[in-house]
Amino acid sequence: MATVVVNVALKPEILDPQGRAVLGALGRLGLTGVADVRQGKQFVLTIDGEVDDAKLAQINEIAATLLSNPVIEDFTVEVRP
Amino acid sequence: MTPRVGVITFPGSLDDKDAARAVRLAGGESVALWHADADLHSVDAVVLPGGFSYGDYLRCGAIAKFAPVMEKLVDAAKGGLPILGICNGFQVLTESHLLPGALTRNDHLHFICRDQKLRIENNTSVWTSEFSIGDEILIPLKNGEGGYVADEKTLDQLEGDGLVIARYLDVNPNGSRRDIAGITNERGNVVGIMPHPEHAVEKLTGPTTDGLGFFTSILKSLVNDGKVSV
C-alpha cells in the first residue's frame, strides 16, 4: 500500500474569503502576528500496491481535471511510502 | 415543428422544472434530459439549470462535468448548439471550460437571495438577441458561490470582445470581478448567467417577466436560423 497526497490551493491572486474569515477568528482568539491565511484542500489517496510512473501520471491527470480547477487553483502531488 | 429545448437534470438540480416552464411559456417544447443520458435526444438547444449538482461536493459543477450527458454536450457546444447555463449551470460551463473564468465563494461568505437589477450588455448572443443593449432588468439572484473571477487578461478580452452579456447594477452582490453577472463565448451560442431568468417569467411568481427575454431570444434565433419553424 502506498499513499498519495494531493494538495489543492487557490492561486495567490484569487481572493480567499474563507481564509480571510479564519484570519479574523485567529485575531479574536489572541493569535497575533498572522499576516495571512489561505485555505486549501487535501486528498489522501490510498493505493493498492506500488505507485509506478504510469499510475502517478494518471493521478496527476486527475488532480488537474477533477481535484483542482486549473483556472483558479494550483496543486501538488506527493507520494508517501 | 416547435423548437425543442432540453433541460438537463443532475442529481441535486433544483430549477429544472422552472427552466422547463420558462421554455414552454416562451413558446417552445421542453425536453427533459437526464445526467446519465448517452445522447441529447436531438434537441435544438439546452439549458443547464440551477441547483446543487452532485451536492456541489468538491467544487460547484466539478463532478457534473464528468456526467455522461456532458461529454455529448461539450462536443455539441463546439458544434454551435445553443446552451444556457444558469447559476449552477454557469458553474458547470466554466468547470467544463466551455466558458472562461470560474465562480468562487461570495466575497462576504453569505448566501444571497434577492431580486437583482442587471444591465444587458450584449444582444448578439443567441440567448440575448431579443434585448437591447442598456436594458435594465430585475430577476432573482440566489447563490453562495457566485463570484465571477478570471485573470486580468481574460477579463480584458471578455470586455474587449463584447462577451459580457450582463452586469450587476446598483450593488455587486458577490464580489464578481468588474460586476460581471453573465458572459458568452465568442461564437455566441454558449451563455452563462448567475442570476435566474427562469424565475422571472410570470407575474404571479416572479418580481418581473424580464427573464422571459432569454427564452424568447433562443426560440427566435432557432426560427431565424431555419432550424425550426413555429
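These are my notebook entries on the two chains of a predicted model.

**Chain A, overall**

I began with the secondary structure of chain A and found 2 helices and 3 strands, which follow one another from the N terminus as β-α-β-α-β. I then looked up the radius of gyration of chain A, which is 16 Å and thus well over the 12 Å that the globule rule gives for 81 residues, so chain A is more spread out than a compact globule. Taken along the principal axes, the box that the C-alpha atoms of chain A fill is roughly 45 × 25 × 15 Å. I also noted that 12% of the 81 residues of chain A count as buried, and that, among the contacts in chain A with a separation of 6 or more, 68% come from residues 24 or more positions apart.

**Chain A, sheet**

Next I traced the sheet of chain A, an open one in which 3 strands lie in the order S2-S1-S3 with antiparallel pairing. At its edges I found strand S2 (40-47) and strand S3 (73-80) of chain A, each of which pairs on one side only. On average, and with direction ignored, neighbouring strands of this sheet are turned by 15° against each other. Helix H2 (residues 53-67) of chain A packs on the sheet and touches S1, S2 and S3 of chain A, while its direction makes about 150° with that of S3(A). Between strand S1 (residues 2-10) of chain A and S3(A), which run antiparallel, I recorded 8 bridges; A:Val6, for its part, has A:Val77 in S3(A) as its bridge partner.

**Chain B, sheet**

I then checked strand S4 (residues 83-86) and strand S11 (residues 190-193) of chain B, which run parallel and are joined by 4 bridges; the partner of B:Leu84 in S11(B) is B:Val191.

**Where the chains meet**

Last, I looked at the contact between the chains, to which chain B gives 12 residues and chain A gives 9 residues. Sorted by class, the side of chain B that touches chain A has 4 nonpolar, 4 polar and 4 charged residues.

Methods
Residues are numbered from 1 along each chain as its sequence is written. Chains are lettered from A and ligands numbered from 1 in the order in which they are written. This is a predicted model: local features need pLDDT of at least 70, side-chain atom pairs count only at pLDDT 80 or more; totals for chains, interfaces and linings use all residues. Two residues are in contact if their C-beta atoms, placed from the backbone, lie within 7 Å. Ala, Val, Leu, Ile, Met, Phe, Trp, Tyr, Cys and Pro count as nonpolar, Asp, Glu, Lys and Arg as charged, and the others, Gly among them, as polar. Two strands pair if DSSP finds at least two bridges between them. Axes are lines fitted to C-alpha atoms, for helices over the stretch in contact, and angles run from 0 to 180 degrees between N-to-C directions. The radius of gyration is taken over C-alpha atoms; the globule rule is 2.2 Å times the number of residues to the power 0.38. A residue is buried if 20 or more other C-beta atoms lie within 10 Å of its own, exposed if 12 or fewer, and partly exposed in between; C-beta atoms are placed from the backbone.
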